[in-house]
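Subject: Structure handover

Hello,

Here is the structure we discussed. Please open it alongside this email. My notes follow below.

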Amino acid sequence: MEYFHSVTLDAKRCRGCITCVKRCPTEAIRVKNGKATIIKERCIDCGECIRVCPHRAKKAVFDKLSLLDEFEYNVSLPAPALYGQFNNLDNVDYILNGLLDIGFDDVFEVARAAELVSECTRKIMNEPNQPKPIISTACPAIVRLIRVRFPKLIPHLLGVKAPVEIAASIARIEAEKKTGLPTEKIGVFFISPCPAKVTAMHQPLGTDDTDVSGVLAISDVYKPLLAAMNKIQQPKPLSECGLTGISWGYTGGEATALLRTRYLAADGMENVIKILEEIEDDKLLDVDFVELGACVSGCVGGCLNIENPYIARTRVRQLRKYMPVSSNRMKDFDLPAEDYFWHKPIEYDPVMQLDQDLQKAMMKMQEIQRIEKELPGIDCSACGSPSCHAFAVDVVEGTAKFSDCLIVLKNRLKDIME
Amino acid sequence: MEPIVLTYQVDGEDFSAAGEASSSVKKTLKQLGFSPDVIRRVAIAMYEGEINMVIHADGGEARVEITQSTICIILADKGPGIKDINLAMQEGYSTAPEEVRNLGFGAGMGLPNIKKYSDELKIDTELGVGTTLTILINT
């Protein structure tokens, strides 16, 4: 299988420090020949390495505004997180009008589709015999994490498409109706807070196709958008979402929209992994719904934002007070009900497994244990692997040499000298 | 083939560290490719045993022996021992102190759960000397 990833390395900037290696939640990064390299099948596109790189050598892949030129009619899908990026803003319409001024022909707020996903989820939660808890499928990095590390939890996945996918489908239908253009001449662009959505477009999970033509970064659109917004005197009323929808921009927004109390909302990879372990061991029995986000504070914490996540979150929350609770209902749109759901099962991808054959895997594990005993156990990562254990695995898998361990080398040298 | 052996010291002082050993075993079993159901049973049985050692025995030693057909968990402590095993095996029976129950532990489900999730459970206990649980799970 070919893997697409939304993270690239600027090799000139990478100094081969081990910051990203240590922080990667799936141990997908190794420093080889002084540069960070990604083990493609393990990466879940969470963006953590982009966020933590002190040399800004990790870069997100996204589309450019110039891609709009390839289409006759372009619709912009702004993420709720975008609303939290601007100072002294009390009306979302400035942003939406600004998007029209920088080249889009129309806007469809992802927050509107978020309200539809909430409605859909509420219906599912009321159906009998649902697995408990149901786990949100809005954050693509979380879905990918579960797919490679928590096979037992795959049946718990909600299986409703992410709001951006629904927004894209509706926006496309509406644009086709409005313009009479064939679908290939209509561009539908997500203004995204995170690179995981770029991967989700190129390699969707749970579905084969996407109605999104491209994913632009909030950070890339920010400058021209701000300039356009500053010129607006009286914005046209364009926003059609309620506070339920924009609350999806931060942690807890999706869960509270279910109007139930037995929910849990968590963010940040470390916390998320702990929660998933609890669910896996049947230790989390008193919640019905779990919302998980890879980024701290939720989507406002995505690495393609401009503003600090806590500030952005506060701003989105303040914008809410001028909004109705919810303004969108599934019955008001032409999208068939089945198109709200995934139609392809998610399959376990055992990338952490040592071998498909249990006996071979056990032999490898014994060899790993033997090697690990000879290692210093200080997890310094100077070898380029995230820990002594991971290094032992790499040696057994043949991707590292035992003498790559500096401490082992130093001791050997000492023996020779003596 | 020799079994794969994992050993852990379970620290009795620190409640927040309880569960680390079972979490580590789970990671290893996933790397080996055991079925999710087996992994879950091992994780739950071992976690319950680990918590018991922290609550009642000030910690102890955990040893896990993994072969293709079985996973054997041996939990040995030098705690007070179990006075009445039949009583201890009853759901809801607990001798955990108040402060431990306030933390949400000590619901009297530890040993019953271990029995429920394992294929064999052997309890060797002597008052004032300690307790050793041998938990067998077929893969």
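The area buried between chain B and chain A is about 2,100 Å². Carbon and sulfur atoms give 57% of that area. On the side of chain B, M1(B), K30(B) and Q31(B) lose the most area to chain A. Together they account for 31% of what that side buries. Please keep in mind that this is a predicted model.

The interface

The contact takes 24 residues from chain B and 24 residues from chain A. Eleven residue pairs are in polar contact between chain B and chain A. Which elements of chain B each supply at least two residues of the side that touches chain A? They are β1 (4-11), α1 (20-32) and α2 (36-57). The largest share comes from α1(B), with seven residues. By type, the side of chain B that touches chain A divides into 13 nonpolar, six polar and five charged residues.

Salt bridges

Side chains of opposite charge can pair when their charged atoms come close. The structure holds 35 salt bridges over all chains. Between chain B and chain A the count is five.

Start with K26(B) and E280(A). They form a salt bridge, with the closest N and O atoms 2.9 Å apart. This pair crosses between chains, from helix α1 of chain B to helix α11 (residues 269-280) of chain A. Are K26(B) and E280(A) buried or exposed? K26(B) counts as buried because its relative accessibility is 3%, under the 20% cut-off. E280(A) has a relative accessible area of 5%, so E280(A) is buried by that cut-off too.

Next, look at R40(B) and D282(A). Their side chains meet in a salt bridge at 2.6 Å, N to O. R40(B) lies in helix α2 of chain B, and D282(A) lies in the loop between α11 and β11 (289-293) of chain A, so the pair joins two chains. R40(B) is buried, with a relative accessible area of 17%. D282(A) is partly exposed, with a relative accessible area of 24%. R40(B) and D282(A) also belong to a network of salt bridges. The network links K152(A), D282(A), D37(B), R40(B), R41(B) and D119(B).

One more salt bridge lies within chain A. The side chains of D332(A) and K331(A) meet at 3.7 Å, N to O. K331(A) is exposed, with a relative accessible area of 71%.

Aromatic pairs

Over all chains, the count comes to four aromatic pairs. F86(A) and Y222(A) form a stacked pair. Their rings are 5.3 Å apart, centre to centre, with 15 degrees between the planes. This pair links distant parts of the chain, its two residues being 136 residues apart. F86(A) sits in the loop between β5 (73-78) and α3 (93-101) of chain A. Y222(A) sits in helix α8 (residues 218-231) of chain A. Both F86(A) and Y222(A) are buried. Elsewhere, F71(A), F104(A) and F189(A) form one aromatic cluster.

A buried methionine in chain B

M46(B) is in helix α2 of chain B. At 0% relative accessibility, M46(B) counts as buried. Which residues does M46(B) contact, leaving aside its neighbours within four places in sequence? They are Y8(B), A21(B), S22(B), V25(B), A62(B), V64(B) and I73(B). I74(B) is 28 residues away from M46(B) along the chain. The C-alpha atoms of M46(B) and I74(B) are separated by 9.0 Å.

Backbone points in chain A

A cis peptide bond joins K132(A) and P133(A), with omega at about -10 degrees. P133(A) is found in the loop between α4 (110-126) and β7 (134-135) of chain A.

E27(A) has a positive phi, near 50 degrees, in a residue other than glycine. E27(A) lies in the loop between α1 (19-23) and β2 (29-32) of chain A.

L259(A) is another non-glycine residue with a positive phi, near 60 degrees. L259(A) is found in the loop between α10 (253-256) and β10 (263-267) of chain A. L259(A) counts as exposed, at 69% relative accessibility.

Best wishes

Definitions and conventions. Residues numbered from 1 in each chain as written. Chains lettered and ligands numbered in written order. Predicted model: local features only at pLDDT ≥ 70, side-chain atom pairs only at ≥ 80, totals over all residues. Heavy atoms only, no water. Contact = heavy atoms within 4.5 Å. Buried area = accessible area lost by both parts, 1.4 Å probe. Salt bridge = Lys/Arg side-chain N within 4 Å of Asp/Glu carboxyl O. Polar contact = N/O pair within 3.5 Å; in protein donor to acceptor, adjacent residues only side chain to side chain. Helix = DSSP H or I, 4+ residues; strand = E, 2+ residues; numbered from the N terminus. Nonpolar A, V, L, I, M, F, W, Y, C, P; charged D, E, K, R; others polar. Phe/Tyr/Trp six-rings, centres within 6.5 Å; stacked < 30°, edge-to-face > 60°. Buried < 20%, exposed > 50% of the residue type's maximum accessible area, 1.4 Å probe, protein only.
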